[in-house]
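Here's a quick tour of one chain and how its pieces pack together. Have a look at the fold first, then read on.

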Amino acid sequence: MKKFKHEAELFKAALLAGRPSEALPRLVRALELGGEHYDREHSLRYADIQIAMAECMLDLGRSADAQHLFALASAIHAAHAESAERYREPLRLLRAKILR
């Protein structure tokens with residue numbers, strides 16, 4: 001779990017710095033580690049990683065990959081309709097970014 005949190009911080013820093021190509025390998029690793037710790041089909045935390053990866057894909061011009069990840073994260077969120085807005089906001093922002 002410690003490795004996962006470390007990777008998550010590194011990819012967030014790279015994305016915030018506008019370096020999606022640097023964030024990509026870290027996001028791939030975070031998805032791998034996250035899949036070991038969270039349920040890939042039901043975990044909101046895992047969906048958050050998918051959302052970050054989708055944002056990275058959009059920044060790299062890979063909209064089809066971003067849309068696929070968005071669909072996966074949306075399915076997870078649909079199962080958690082009762083979750084607070086702060087958990088739903090990243091997905092909503094990603095949806096808006098995809099639609100631009």
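## The fold at a glance

Keep in mind that this is a predicted model. Walk along the sequence and you get the pattern α-α-α-α-α.

How much of the chain is tucked away? Of its 100 residues, 40% count as buried. The chain exposes about 6100 Å², and carbon and sulfur atoms supply 54% of that area. As for contacts, take those between residues at least 6 apart in sequence: 54% of them join residues at least 24 apart.

## H3 against H4

Start with helix H3, which covers residues 44–59, and helix H4, which covers residues 63–78. Their axes come within 8 Å and cross at roughly 160°. With the cut-off for roughly antiparallel set at over 145 degrees, H3 and H4 are therefore roughly antiparallel to each other. The crossing of H3 past H4 is left-handed.

Which residues do the meeting? On the H3 side they are Leu44, Ala47, Gln50, Ile51, Met53, Ala54, Met57 and Leu58, and across from them in H4 sit Ser63, Asp65, Ala66, Leu69, Phe70, Leu72, Ala73, Ile76 and His77. Sort the residues of this contact by type and you get 13 nonpolar, three polar and one charged.

## H4 against H5

Now turn to the other pair. H4 also packs on helix H5, residues 85–99, at an angle of about 150°, and the two axes are 11 Å apart. That angle makes H4 roughly antiparallel to H5. Here too, the crossing is a left-handed one, with H4 passing H5.

From H4, this contact uses Ala66, Gln67, Phe70, Ala73, Ser74 and His77; from H5, it uses Tyr87, Arg88, Leu91, Leu94, Arg95 and Ile98. By type, the residues split into seven nonpolar, three polar and two charged.

Some H4 residues turn up in both lists. Ala66, Phe70, Ala73 and His77 are among the residues that meet H3, and they are also among those that meet H5.

## A buried glutamine

Buried or exposed? This residue of helix H3 has a relative accessible area of 5%, under the 20% cut-off, so it counts as buried.

What does glutamine 50 touch, leaving aside neighbours within four places in sequence? Its contacts are Leu31, Leu69, Leu72, Ala73 and Ile76.

Alanine 75 belongs to helix H4. Its relative accessible area is 49%, which means it counts as partly exposed. Along the chain, alanine 75 is 33 residues from histidine 42, while in space their C-alpha atoms are 8.3 Å apart.

Over in helix H5 you'll find leucine 93. At 43% relative accessibility, leucine 93 is partly exposed as well. Leucine 93 and glutamate 55 are 38 residues apart along the chain, and 9.7 Å separates their C-alpha atoms.

Notes:
Residues numbered from 1 in each chain as written. Predicted model: local features only at pLDDT ≥ 70, side-chain atom pairs only at ≥ 80, totals over all residues. Heavy atoms only, no water. Axes fitted to C-alpha atoms, helices over the stretch in contact; angles between N-to-C directions. Helix = DSSP H or I, 4+ residues; strand = E, 2+ residues; numbered from the N terminus. Parallel < 35°, antiparallel > 145°, perpendicular 65-115°, else oblique. Left-handed = near helix turned anticlockwise from the far one by under 90°. Contact = heavy atoms within 4.5 Å. Nonpolar A, V, L, I, M, F, W, Y, C, P; charged D, E, K, R; others polar. Buried < 20%, exposed > 50% of the residue type's maximum accessible area, 1.4 Å probe, protein only. Areas by Shrake-Rupley, 256 points an atom, 1.4 Å probe, with all protein chains shown as cover.
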